[in-house]
2 protein chains.
Amino acid sequence: MPATAADPQLDAFAAAFDDFVRAAKRARARVEPDALLTTSQYDLLCPLLDAGDGAPLGLRELARAAGVSAPTATRMIDGLAARALVTRERSADDRRAVRIALTEDGAAAVHQQRARQHARRRALFDQLSPGERRAAARVLARLATAYERVEH
Amino acid sequence: MPATAADPQLDAFAAAFDDFVRAAKRARARVEPDALLTTSQYDLLCPLLDAGDGAPLGLRELARAAGVSAPTATRMIDGLAARALVTRERSADDRRAVRIALTEDGAAAVHQQRARQHARRRALFDQLSPGERRAAARVLARLATAYERVEH
DNA sequence: TATTGTTATACTCTATAACTATA
DNA sequence: TATAGTTATAGAGTATAACAATA
């Protein structure tokens, strides 16, 4: 029935991949409900925390890093500013630009989210034997580079 | 600075995990734009294809399998029915229930999506050496079970 | 009373196109 | 003309609460 010959190894790989994706999705759904930030908001604000100490960044910069369009970032920042998690000010040197910075509450929220993510990673890690840990790190890194080489 | 002692192995695992997630997200973004179905729609309709040959299922059944609420499934089915990818009929035996079935176009759309997913998996698989393929299948399966055991 | 599904409502995420203001 | 950002518009996905119809 299939157009291509069956490949048991590929089938095993695909099945494992599916199981992994589904398990990760369920795990995320279990944790997300009471988080202060959605995943998208976390991705958008992360560069501000990494820039450190209230250092502001431009909207375009945040949008590009998070992989969203500028209007999407504007909308998201609207909501986050309304919750007083970020400030948005017109830049003095270039009056077209805005300078977006984390408030204390905003930095705390991003920190909290990061800590949760670390805790989840650690809980997963803790389930593995030492050999499995090494294998997992190697495989995930390898898959990441493989993805980048697939029909760019 | 960190509250817990540094663990280079955990750090390597977490970094590899992050890289993997980001690479997967980028790959998905590259492929999705011209697909007939979104990922959510595909997840909702998959059980209908698996049930086979126009066999109808109830709305609640589809919602539960896809992990969404009943109103969400109703909305999604509204859109899919408007595009003539599914039919929705009141059941004769239980007049509360609706029977949702794929049309020919709907089945073709789900098939197409599945074929694309397989092609992407295969392309990734093809990047790996035989040893890496075995290791990847083993690790992904292991991580899936580990997820299920994390603070249920 | 319990179940199936829909409507009402509300919010987030997402994009493209058109616009403003500044450089 | 080019760049930074916003507004307008549109649509998907998501949920909870309230409802209708049927069992």
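A:Arg116 counts as partly exposed because its relative accessibility is 23%, where buried means under 20% relative accessible area, exposed over 50% and partly exposed in between (1.4 Å probe, protein chains only). The model shown here is predicted, so local features need pLDDT of at least 70 and side-chain atom pairs count only at pLDDT 80 or more, while totals for chains, interfaces and linings use all residues. Residues are numbered from 1 along each chain as its sequence is written, chains are lettered from A and ligands numbered from 1 in the order in which they are written, and side-chain values use heavy atoms, with hydrogens and water left out.

**View 1. A:Arg116 pairs with A:Asp34 in a salt bridge.** The N to O distance is 3.5 Å; a salt bridge here is a side-chain nitrogen of Lys or Arg within 4 Å of a carboxyl oxygen of Asp or Glu. The two residues are 82 apart and link distant parts of the chain: A:Asp34 sits in the loop between helix 1 (8-31) and helix 2 of chain A, and A:Arg116 in helix 5 (residues 104-126). Helices are DSSP runs (H or I, at least four residues), numbered from the N terminus. A:Asp34 counts as exposed, at 53% relative accessibility.

**View 2. B:Arg26 and A:Glu148 meet across two chains.** Their side chains form a salt bridge of 2.6 Å, N to O. B:Arg26 belongs to helix 1 (residues 8-31) of chain B and A:Glu148 to helix 6 (residues 130-149) of chain A, so the pair joins two chains. B:Arg26 is partly exposed with a relative accessible area of 42%, and A:Glu148 is partly exposed with 21%.

**View 3. B:Asp50 and B:Arg114 form a salt bridge within chain B.** The N to O distance is 3.1 Å. Since B:Asp50 lies in helix 2 (residues 39-51) and B:Arg114 in helix 5, the pair ties together parts 64 residues apart in sequence. Over all chains, a search of the whole structure finds 18 salt bridges.

**View 4. A:Leu57 is a buried loop residue.** You will find A:Leu57 between helix 2 (39-51) and helix 3 (59-66) of chain A, and its relative accessibility is 17%. Beyond its neighbours within four places in sequence, its contacts (heavy atoms within 4.5 Å) include A:Pro47, A:Leu62 and A:Ile100.
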